[in-house]
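Here are my notes on the model you asked me to look over.

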Amino acid sequence: MSRRFPKRPQSVLSARRGVERRGGPVERLILGERVVISRALCHFETMNALPGGQSLRRYEAAKLSARARTPIADPDFYFDWGDDQIGVWSWPKTLTADLTEFEGEILPETVLHPPLQDGARLMTTIDGYEGQVWRDGQLRASRWWPSQPGDADWASFLRMTRSAGADQIRPAPEDLVLTDRPAHAQPYTALLDRVKSISLRDMTALALVCIAVPGLYLLGQWAQLSRTHAAASTELAALSEETAEIGTARLTAQSASNELALYAQALNRRHPAELLASVSEELARFSIRLDAFEQNDALLSLNLHADGDFAPEELVRTMENNPLMNSVSLEPGRGRGEWLLTAQLESAQ
């Protein structure tokens, strides 16, 4: 049975071979090109999903938080939106800056891997191998190796992700298979960045193609994009005053991101600001006040104060699930409501 519509060209950006583009310029313009970036070139981490539904405010807040977390100085992003977690993929923007006649989307290869409901697996990738841990149908942890990892490397990866069976033997790698689309659909607000990137030259070329080669498929795609653009523009106008501060916050976040990247590169350890941001986010869920913060080499010490009752074991379990630390312990302090929390720090990736 033949396809109703032709498949879009799918190019590959590899760390070993560079860019391998598929299809001709006209085909890429009409159908839209997809560039799949090798896992070797991407950074991955997760963060809690923000409240607010599919709104520009939620989308912009996620981008600001991602810029503050990524170790890449000038990144591009892809967000894997789950129910309670957001997978944040980032890569250097310079990798795709020289692409000519590009119209389409850029995706890290992992988001096109067939999803797993729960468990861990080893996948063959474009440039090497990737360990993955899935929970509730969403990727929660990822690590890349240039060659097949040994049993010790695999066990270490599982321990860092707090996965059961950390002593199990490394599984056989699964073959590289890419699906037609990511498992989780993007919110319509994510299309705003793509709309902004359309140049006058590209709009003129699309108009000429519509005149020269009429096609219902192309007109349908353009109509859908126009409706999305109109909906996003309406919401953007309504939130213009509220989002006026985003530009300043973005510059501040970019500066902080650059400093964190330089710090990690020079000292091979995490910046205290990154730890403080992560710890504060976890403590806010328990309404616990942070009175003192101390980081010495691989040891983290926190002086806490809790005004009301809380479950100490739940706080320890939450901190253990934080990928920046392990071996968490919590002891009562001298005063009423005072607690001392210590933890070992994971090395910077």
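**Notes on the predicted model**

1. Let me start with a loop. Asp-136 sits in the loop between strand S9 (129-135) and S10. Asp-136 isn't a glycine, yet its phi is positive, at about 55 degrees. With a relative accessible area of 59%, Asp-136 is exposed, because that value is over the 50% cut-off. Keep in mind throughout that this is a predicted model.

2. A second residue belongs beside that one. Ser-287, also not a glycine, has a positive phi near 55 degrees. You'll find Ser-287 in the loop between H8 and strand S11 (288-296). Is Ser-287 buried or exposed? Its relative accessible area is 63%, so Ser-287 counts as exposed.

3. Now the overall picture. There are nine helices and 14 strands in the chain. The chain has 349 residues, and 40% of them are buried. If you take the contacts between residues at least 6 apart in sequence, 57% of them join residues at least 24 apart.

4. Which residues touch the most other members of the largest nonpolar core? They are Ile-288, Leu-304, Leu-315, Met-319, Met-325 and Leu-341, out of 19 residues in that core. Two or more residues each come from helix H8 (272-284), strand S12 (299-306), helix H9 (312-320), strand S13 (325-332) and strand S14 (338-345). S12 is the biggest contributor to this core, giving four residues. Apart from this core there is another one, made of 18 residues, including Tyr-78, Ile-106, Val-111 and Trp-134.

5. Setting aside residues up to four places away in sequence, Leu-341 touches Leu-300, Ser-301, Leu-302 and Leu-304, along with Leu-315, Met-319, Val-328, Ser-329 and Leu-330. Two of those names, Leu-315 and Met-319, come back in the next point.

6. On to the helix pair. The axes of H8 and H9 are 11 Å apart, and the two helices pack at an angle of about 145 degrees. Their crossing is right-handed. On the H8 side the contact is made by Val-279, Glu-282 and Leu-283, and on the H9 side by Leu-315, Thr-318 and Met-319.

7. His-305 is in strand S12. Its relative accessible area is 16%, so His-305 counts as buried. The side chain of His-305 makes a polar contact of 3.1 Å with the side chain of Asp-307. A polar atom of the His-305 side chain also lies 3.5 Å from the backbone oxygen of Arg-336. Leaving out neighbours within four places in sequence, His-305 is in contact with Ile-288, Arg-289, Asp-291, Arg-336, Gly-337 and Glu-338.

8. Next, the aromatics. The count comes to seven aromatic pairs. One of them is Phe-77 with Phe-79, a stacked pair at 5.8 Å centre to centre and 20 degrees between the planes. Phe-77 has 17% relative accessibility, so Phe-77 counts as buried. Phe-79 is buried as well, with a relative accessible area of 3%. Ring pairs link Phe-77, Phe-79 and Trp-81 into a cluster.

9. Why does the pair of Trp-145 and Phe-157 count as edge-to-face? Their ring planes stand at 85 degrees, with the centres 5.9 Å apart, so the pair gets that label. Trp-145 belongs to strand S10 (residues 138-145) and Phe-157 to helix H3 (residues 151-160), so the pair ties together parts that are 12 residues apart in sequence. Both Trp-145 and Phe-157 are buried.

10. Last, another loop residue. Ala-183 is in the loop between H3 and helix H4 (191-196). Its relative accessible area is 48%, so Ala-183 counts as partly exposed. Not counting residues up to four places away in sequence, Ala-183 touches Val-111 and Pro-115. Ala-183 and Trp-81 are 102 residues apart in sequence, while their C-alpha atoms are 9.7 Å apart in space.

Definitions and conventions
Residues numbered from 1 in each chain as written. Predicted model: local features only at pLDDT ≥ 70, side-chain atom pairs only at ≥ 80, totals over all residues. Heavy atoms only, no water. Core = buried A, V, L, I, M, F, W, Y, C linked by side-chain atoms within 4.5 Å. Buried < 20%, exposed > 50% of the residue type's maximum accessible area, 1.4 Å probe, protein only. Contact = heavy atoms within 4.5 Å. Phe/Tyr/Trp six-rings, centres within 6.5 Å; stacked < 30°, edge-to-face > 60°. Polar contact = N/O pair within 3.5 Å; in protein donor to acceptor, adjacent residues only side chain to side chain. Axes fitted to C-alpha atoms, helices over the stretch in contact; angles between N-to-C directions. Left-handed = near helix turned anticlockwise from the far one by under 90°.
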